[in-house]
Amino acid sequence: MVKLAKKMKKILIFGATGSIGTQAIELISNNPQLKLVGISYHNNESLANKIIAQFNLKYYFSSNPNNHSSVSNFQDLIKKTKPNLVLNAIVGFAGLPITKYCLDKKIKLALANKESLVAAGGLIKNKKMIYPVDSEHSSLFFLKTTNEHQIKQIYIPASGGPFYNLSQDALKTKTYDEAIKHPIWPMGDKISIDSANLVNKCFEIIEAIHLFPNVKITALHHPQAIIHSMIEYQDYSTVAYLSNPDMKIAINLALNEFKIQPPVIKRLNFDNLALSFEAINLNKFISLKWPQIIYENNLSVVGLVICVVDDYMINLFKLRKVNFLDIINTIDYFVNEYKSISLTQWNDIFKYQQEVLAKLNKMFA
């Protein structure tokens with residue numbers, strides 16, 4: 001009997017020239033069952049052209065009007081490529097419409113764009129079509145398939161970034177270049193800053209609230225970054241997901257809809273492996289208090305507000321117009337101002353985005 005070959009899965013990548021996008025492309029190029037059918041990018045036209053040539057791509061789109069595109073917008077890119085799965089690896093609010101469009105059209109989505117769930121998770125439908133790319137949510141997604149209804153609590157470890165043990169006074173003097181040097185994870189600049197003040201862990205908890213509803217979620221300091229998540233069951237038994245800190249495993253799982261593939265990372269060496277955990281001081285890392293608002297109201301505008309203010313303040317920090325602690329303090333001010341407001345429709349996202357930006361411009365003019 002002749003065994004039929006598996007049909008190739010068509011992958012479309014938004015944000016192909018970024019850290020997640022380039023790792024995904026490497027994985028696709030080594031997997032004969034995956035086919036890259038299109039990309040989007042913003043500024044790195046040189047790298048985009050190499051990808052286009054390497055995969056002989058007919059369809060590509062740049063959100064930068066100064067760059068060349070073969071289609072007029074992201075919707076056209078999706079329609080032309082007819083992907084089986086879209087990887088949304090765009091950073092920022094530009095990724096929101098892509099997430100909404102894919103899920104509205106019931107297109108499977110590998111999601112690395114944090115803003116989609118942090119800012120709009122309460123409004124987004126068809127979440128079961130999302131394959132999370134963050135290592136924490138990827139590992140939780142993998143673990144939850146066993147006895148899902150028996151889950152009591154989820155633990156999300158935090159490596160702590162480069163400044164975890166520093167005092168508040170010491171943090172005031174830290175520079176942008178110091179903040180982007182994560183001791184373990186190689187990441188883009190923005191997520192490295194977010195990791196340094198644990199805003200990224202706040203984002204991950206909010207994402208988990210939307211992906212794994214009605215479950216208690218706790219962050220723990222775990223400096224080795226070997227355990228990516230843990231699930232505690234009703235009988236207090238706990239399972240953990242361990243691997244070397246490498247995003248390729250999470251990306252590969254999402255691209256392949258969580259079907260186990262041949263290894264793409266180094267095997268974990270248990271010789272003399274020491275793992276440690278500790279509770280995180282919420283009075284020092286106040287960003288971990290903000291998700292409680294989303295727990296109580298998953299339509300709260302607070303996630304959106306955090307995203308907007310964080311982007312704005314990181315840019316000012318890079319320009320040396322504010323210090324490192326100003327990022328957290330300003331976000332906290334806006335969280336308290338907006339914590340009682342809920343989103344009621346998709347257009348609210350852009351209304352409050354512009355409102356918060358106007359207030360920030362006035363504050364820092």
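Is D169 buried or exposed? D169 is exposed, with a relative accessible area of 57%. The views below show this residue and several others in a predicted model.

View 1. D169 is exposed, while K172 is partly exposed at a relative accessible area of 45%.

**View 2. In helix α4, K100 and D104 form a salt bridge.** Helix α4 consists of residues 96–104. K100 and D104 are four residues apart there, about one turn of the helix. Their side chains meet with 2.8 Å from N to O. K100 has a relative accessible area of 30% and is partly exposed. D104 also counts as partly exposed, at 44% relative accessibility. Side chains of opposite charge can pair when their charged atoms come close.

**View 3. K108 and E257 are paired by a salt bridge.** The closest N and O atoms are 2.9 Å apart. K108 lies in strand β5 (residues 108–111), whereas E257 lies in the loop between α11 (248–255) and β11 (278–279). The pair therefore ties together parts that are 149 residues apart in sequence. K108 is partly exposed, with a relative accessible area of 31%. E257 has 14% relative accessibility and counts as buried, because buried means under 20%.

**View 4. Several charged residues are linked in a network of salt bridges.** The members are K114, D134, E136, K201, E204 and E207. In the whole model, the count of salt bridges comes to 16.

**View 5. A nonpolar patch lies on the surface.** What residues form this patch? They are L242, F270, L273, L275 and F277. Together they have about 420 Å² of accessible area. One of them, F277, is partly exposed, with a relative accessible area of 36%. The next view stays with this residue.

**View 6. F277 sits in the loop between α11 and β11.** Leaving aside residues up to four places away in sequence, F277 touches L220, H221, H222, I227 and M230. How many residues separate F277 and P157 in sequence? They are 120 residues apart in sequence, and in space their C-alpha atoms are 8.2 Å apart.

**View 7. Helix α9 packs with helix α13.** Helix α9 is made of residues 189–196 and helix α13 of residues 302–318. Their axes are 11 Å apart, and the angle is about 100°. Angles of 65 to 115 degrees count as roughly perpendicular, and α9 and α13 are therefore roughly perpendicular to each other. Which residues make the contact? From α9 they are K190, I193 and D194. From α13 they are D310, D311, I314 and F317.

Key: Residues numbered from 1 in each chain as written. Predicted model: local features only at pLDDT ≥ 70, side-chain atom pairs only at ≥ 80, totals over all residues. Heavy atoms only, no water. Salt bridge = Lys/Arg side-chain N within 4 Å of Asp/Glu carboxyl O. Helix = DSSP H or I, 4+ residues; strand = E, 2+ residues; numbered from the N terminus. Buried < 20%, exposed > 50% of the residue type's maximum accessible area, 1.4 Å probe, protein only. Patch = residues over 30% accessible without salt bridge, like charges linked within 9 Å, V, L, I, M, F, W, Y side chains within 5 Å. Areas by Shrake-Rupley, 256 points an atom, 1.4 Å probe, with all protein chains shown as cover. Axes fitted to C-alpha atoms, helices over the stretch in contact; angles between N-to-C directions. Parallel < 35°, antiparallel > 145°, perpendicular 65-115°, else oblique. Contact = heavy atoms within 4.5 Å.
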